[in-house]
Structures are given as C-alpha cells and as structure tokens.
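Good morning, everyone, and thank you for making the time. Please take a moment with the sequence and the model before I start talking.

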Amino acid sequence: MALPENILIVGGGVFGLSTAQSLSKRHPNSKVTLLEASPTIPNPHGSSVDTSRIIRADYSNPTYSKLAAQATDLWRSSEWGHEGRYTQNGLLLVYPDGDSTAKDYTTKSYHNVTQLGEDAQFLPTKADVLRAAPAYGETLNVAGGYVNWSSGWADAEAGVRFAKEKLDKEGKVHFVTGEVSRLLFSPKDNRTVTGVVLNNDKKETITADLVILATGAWTASLIDLRGRAVSTGQAIAYMRISDEEQRLLQNMPTILNFATGIFIIPPRNNLLKIARHAYGYHNPKAVTVPSSTSTGERMQVSLPEKGVPIPLEGESAFRFALKQLLPTFADRPFVDTRICWYTDTPKGDFIVTPHPTYPSLFLATGGSGHAYKFFPIIGDKVVDALEGKLDPELRELWQWPEAMDDDNFEGTEDGSRSGSKRLVLMEELAKSKKERRLKLGKIGNLSFSALNKRTI
C-alpha cells in the first residue's frame with residue numbers, strides 16, 4: 001500500500017525513531033519529517049532516557065511474549081545490542097505467599113517463555129530463588145518464581161542515541177525542533193488533520209499529508225484520550241555502591257516482584273537503580289479539549305511534570321523493598337531520583353491505529369511502561385498498520401480502545417502493577433515536604449533539649 005508523500009512524525013522516542021527508520025527503508029519516496037520538542041535526542045525528560053530497561057519475553061499474554069522474543073533476538077544478535085547497549089543477565093520473576101494475581105502472572109509468563117524455547121528455570125520455593133540469586137538476602141519475602149536466563153537489560157539512553165545517529169548517517173529523515181501546541185485541521189471539513197501548530201511566538205505550522213503522533217505521555221494534550229489512556233509518573237531512584245558491591249551484583253539476574261512492582265537491574269559504573277512498576281502518580285491539569293473546532297470546553301487530564309523528585313511515598317516503598325532484597329543498602333542515601341512518565345492504557349496494550357474521527361492522523365503511543373524492549377521492531381509494526389497489513393492479533397490488541405468511565409479507569413490492569421491507585425503527584429510531594437519539615441523540627445527540638453540539659 002502506497003503512503004502519502006509528506007509524512008510528519010511528532011515525537012523522538014522509541015515509537016517515533018523506530019517508525020522513522022522503517023518508513024525511510026520501506027517508503028523511500030516519502031518525505032519523512034520528525035518533530036521533537038527537545039533540541040537534543042535523547043530528550044532528557046523523555047521516558048526512554050534512563051540507565052536501563054528490562055528486555056524480556058516474559059509476559060502472561062503469549063502475543064507479547066512472541067513479539068518480545070523477536071525483538072530480544074535482535075538485541076542479542078544485531079548491532080542494536082553492541083557496544084554495551086544490551087546485557088544478557090537473566091530475569092528473576094518472584095511472587096510472595098498468598099498473592100494469587102502475582103503468582104498467576106508469573107506462572108503464565110513461565111509457560112509462555114518455555115513454549116518459545118527460552119532458558120527458563122522454575123523456582124518453586126524461596127530456597128530455589130536464593131540459589132538462583134544468592135546476592136539477595138534471606139529476608140526476601142517470596143514464595144517462589146522462575147528465572148529466565150534468556151532475558152536481559154538495555155542501556156536505554158544509549159539505545160535512543162544509537163537509533164538517532166543511525167538515522168543521521170542515512171540522511172533520509174529531516175529533524176525539526178519544536179513543541180506542538182495543537183493539531184492543524186483543514187478549513188474545508190474541520191476533520192482532516194493537515195499538520196501541527198508550534199508553541200512559539202510566530203505560531204509556525206508544519207504541514208503534512210499524514211501526521212503520526214508518537215508523543216507518549218504528552219499525547220493527552222493533543223487529542224482527547226480520556227478513558228483510553230492516562231499519563232502516570234513512576235518512581236526511580238539511584239544509589240552509589242562500592243567496587244566490591246559492583247562485582248557482587250553486576251552478574252545477578254534482574255529481579256522483578258509482580259506483587260510490589262519493585263525491580264532492581266544489576267548495576268553498572270557503581271550505580272544501582274531501583275524502580276517500581278506501579279499504578280503511578282497522576283498529575284491533573286486543566287486544558288482545553290483538543291478538537292477541530294474551538295469550543296472552549298475544558299477537561300482535566302494527567303500530564304508530565306518535569307524535574308521533580310520522587311515523593312516520600314515512593315522512597316518508603318524502595319526502602320522497604322531494599323530491606324527485603326539487599327538489607328545492607330536499605331538506609332543508604334539516594335544520589336538521584338526521578339519520575340518516569342508512562343502512557344498507561346486500561347490493559348497495557350499499545351495504541352497503534354488510525355484515529356477513528358480524524359483522517360490522516362495516526363497514533364503510535366500507549367507504551368504502558370513496556371515498549372522499550374520492542375525498539376528494534378516496533379517501527380515495522382507501525383508501518384504494517386499504516387499499510388493495513390498488521391498481524392490480526394496485534395491489530396486487535398492495538399486498535400483504538402473503547403473509552404472507560406473515568407471513575408473506573410484507575411490505571412493499567414494487566415496483572416503486573418502494584419501500589420496505591422490515583423495518587424496525585426503534587427499532593428504527595430506536599431505531604432513529603434510537610435513530613436520532612438516536621439522531622440527537621442523534631443531534630444531541632446531534641447538538639448535544643450540536649451543543649452539545655454548541658455547548660456543546667
């Protein structure tokens with residue numbers, strides 16, 4: 001199927017870069033422009049820019065397992081994984097006693113990866129788990145799990161940089177820097193998207209025959225995704241470790257507890273990362289409802305907040321997990337924390353589909369915190385969908401989702417999330433500030449009391 005001559009991709013993350021690569025190869029006669037808000041790619045505020053991402057075929061859904069196995073093979077065997085961009089260290093999936101949801105997800109994942117022929121080992125007891133990963137402590141609260149030695153992790157920032165540099169060398173994709181304020185519609189029918197309007201003083205426009213939104217957690221400001229996707233902030237923290245600790249942990253499998261959502265990826269360069277796959281923080285903002293005609297109607301949606309630390313709620317969850325996994329690290333200070341923004345859909349499925357209302361608008365988003373591993377192949381699947389030949393099983397999963405009632409849509413329900421629901425980021429940060437202030441006040445009072453006692 002022939003595609004339009006002039007194609008605009010908005011967003012320079014995993015979906016955007018991978019789609020640009022596939023379009024430039026399969027449709028060389030099309031003019032492909034990629035618009036990115038950041039002057040640099042990787043975007044320092046993007047969800048794809050981090051020290052590490054898990055590369056796994058370990059899914060309870062066999063369709064994702066099969067697709068991830070194809071992507072993982074490229075991470076292992078092609079230039080995608082060269083120069084330290086991929087490390088195959090294994091993935092340890094565990095569940096605690098009494099958590100049937102986490103056990104069910106883990107059991108289904110184990111079945112799927114063994115069907116794919118991966119090197120997975122069932123671990124029916126806590127003792128088996130500790131034999132597979134002896135660096136983790138006896139306080140580990142697990143009933144069982146499995147380890148898949150075929151899984152690994154990728155250097156996320158390096159992968160994005162590699163994809164961008166590859167496109168630069170090929171020279172077939174034109175890169176433009178600018179932030180989109182809204183979509184541009186044809187004045188003839190108020191439905192056909194003809195480009196985007198930039199958020200600058202001149203309100204410059206970029207026109208195209210086809211617009212692909214690969215805008216991740218910012219998509220909700222450009223089209224109405226209420227009940228279909230929500231931007232959630234996920235907690236990540238880092239701590240410095242010694243050379244000896246680095247040697248102890250660097251060859252351990254990544255550990256992922258589906259009951260708590262906590263995962264720890266083996267450290268590199270004496271930096272240990274702990275993160276949580278949770279329902280996440282919401283950051284509600286009032287914005288104008290995006291539409292072809294300006295009605296002035298307002299809506300409240302969650303949108304990313306840049307440059308904020310994690311709340312004490314997230315830090316406390318990490319401290320508790322470290323006491324179970326690596327007790328000697330539990331009270332060590334974090335050298336950095338950040339919020340990573342997911343675009344969560346009700347079931348964790350991507351949204352790779354034409355917009356049902358606006359011709360010439362296509363979506364490639366909804367990563368739900370697990371898109372990075374598909375970097376080497378997701379662009380081909382997006383182009384398959386553009387050409388109308390996407391595999392039926394993927395087309396069904398990635399079609400325009402039916403909207404849920406906002407009151408019932410609390411986050412992704414795919415069996416892998418944890419934590420409290422509908423936490424509001426700014427409320428949690430305010431609580432954190434108050435708690436820290438009270439703590440400092442108590443310390444000050446104790447010091448004052450001690451000084452009085454010495455004076456007396």
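I will go through a helix, a sheet, a pocket, the cavities and then a single glycine.

What we have here is a predicted model, in which local features need pLDDT of at least 70 and side-chain atom pairs count only at pLDDT 80 or more, while totals for chains, interfaces and linings use all residues. Residues are numbered from 1 along each chain as its sequence is written, and side-chain values use heavy atoms, with hydrogens and water left out.

Helix 1 covers residues 14-26, and its 13 residues reach 18 Å from the first C-alpha to the last, close to the 18 Å expected at 1.5 Å a residue, where the expected span is 1.5 Å times one less than the number of residues. Is this helix mostly covered or mostly open? It is mostly covered, with 11 of its 13 residues buried, and buried here means under 20% relative accessible area, against over 50% for exposed and in between for partly exposed, with a 1.4 Å probe and protein chains only. Among those buried residues are V14, F15, L17 and L23.

Next comes an open sheet of 3 strands, in the order 10-11-12 and with antiparallel pairing, where two strands pair if DSSP finds at least two bridges between them. Strand 10 (180-185) and strand 12 (205-207) stand at the edges with a single partner strand each, so one side of each is left without a neighbour in the sheet. Strand 10 and strand 11, the latter made of residues 193-198, pair over 5 bridges in the antiparallel sense, and L184 stands opposite G195 in strand 11.

Of its 18 lining residues, R182, T288, V289, P290 and S291 are the closest to its centre. Strand 10 gives the most to this lining, with 5 residues.

What about closed spaces? The structure holds 2 cavities of 30 Å³ or more. The largest has a volume of about 60 Å³, and helix 7 (residues 312-325) supplies the largest share of its lining, 3 residues. The second largest cavity, of about 30 Å³, takes the most from strand 16 (residues 262-268), with 4 residues, and its lining residues include Y136, M252 and P266.

Finally, G227 is found in the loop between strand 13 (210-213) and strand 14 (230-240). Is G227 buried or exposed? At 1% relative accessibility, G227 counts as buried.

Note on methods
Helices (H or I, at least four residues) and strands (E, at least two) are DSSP runs, numbered from the N terminus. On a 1 Å grid over the protein atoms alone, a cavity is a set of points where a 1.4 Å probe fits but cannot get out, and a pocket is an open set with protein on both sides within 12 Å along at least five of seven lines; lining residues have an atom within 4 Å of a point. Grid points are joined across faces, edges and corners, and a volume is the space filled by probe spheres set on the points.
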